[in-house]
Amino acid sequence: MTETRRDKDKTPPVPRQAARAILLDAGGRVLLIHFAMPRGDEIYSFWATPGGGIEPGESAITAAKRELQEELGLGLALHGPVHTAVGIFEYDGVMVENTDTFFLGHCDVMPALQAATGNDRAALLAVRWWTPEEIENTGEDVYPGDLAEVVRRLKRMFSAGSPGIGI
């Protein structure tokens, strides 16, 4: 029997764990990557923090560090977790219930996209620094949806004098 789109919509989403890095610069801006991902027959573009799926046997913080290296060529200290977000969306043609675990890092350079795999090269479009106000006022999709408030909260918690973080 062939599975139809209607049947697929009734299938419960598959759990997926992911790890992401909220990288802040000295000015309190957050680094986001512009992604383009297949969604059905179309390409959906959005901005999100660097990161991706956790591989079997990998801890969330190890996955976040690996993704930073693969996507941006960065080897940075990360702290946390500092936030989690859950969303349901299509990924690789399957509906997933994705749980993102976020870690905090400090970065004052403009990294270049590295795109370790062919799929990454197609999915990673651009990288740029955003203020919380720019996130709130853009017409583009930014994930997680509460990122502007999360950045403000982190800036309050980890001001320049905080031990070990230095945001």
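**Helix 5**

I began with helix 5 (residues 147-157), where L147, A148, V150, V151 and L154 are buried. Buried means under 20% relative accessible area, exposed over 50% and partly exposed in between, with a 1.4 Å probe and protein chains only. These residues lie on the same side of helix 5, because they cover an arc of only 160° around the axis. The arc is that of the directions from the helix axis to the C-beta atoms. Helices (H or I, at least four residues) and strands (E, at least two) are DSSP runs, numbered from the N terminus. I then looked up what covers these buried residues and found, among others, strand 1 (14-24), strand 2, helix 4 (132-137) and strand 8 (142-143).

**Ground rules**

The model is predicted, so I note that local features need pLDDT of at least 70 and side-chain atom pairs count only at pLDDT 80 or more, while totals for chains, interfaces and linings use all residues. Residues are numbered from 1 along each chain as its sequence is written, and side-chain values use heavy atoms, with hydrogens and water left out.

**Cores**

A nonpolar core is a set of buried Ala, Val, Leu, Ile, Met, Phe, Trp, Tyr and Cys residues joined through side-chain atoms within 4.5 Å. The largest one has 20 residues, of which L23, L31, I33, F35, L68, L72 and L78 touch the most other members. Helix 2 gives the largest share of this core, 4 residues. Another core lies apart from it, with 18 residues, including I22, V30, V82 and I135.

**Pocket**

I put the volume of the largest pocket at about 1,100 Å³. A pocket is an open set of points on a 1 Å grid over the protein atoms alone, where a 1.4 Å probe fits, with protein on both sides within 12 Å along at least five of seven lines; lining residues have an atom within 4 Å of a point. The volume is the space filled by probe spheres set on the points, which are joined across faces, edges and corners. Of its 41 lining residues, R16, M37, F46, F89 and Y91 are the closest to the centre. Strand 5 supplies the largest share of the lining, 6 residues.

H34 lies in strand 2 (residues 30-39) and counts as buried because its relative accessibility is 14%. Beyond four places in sequence, H34 is in contact (heavy atoms within 4.5 Å) with residues including W47, L125 and E140. T101, in strand 6, is buried at 13% relative accessible area.
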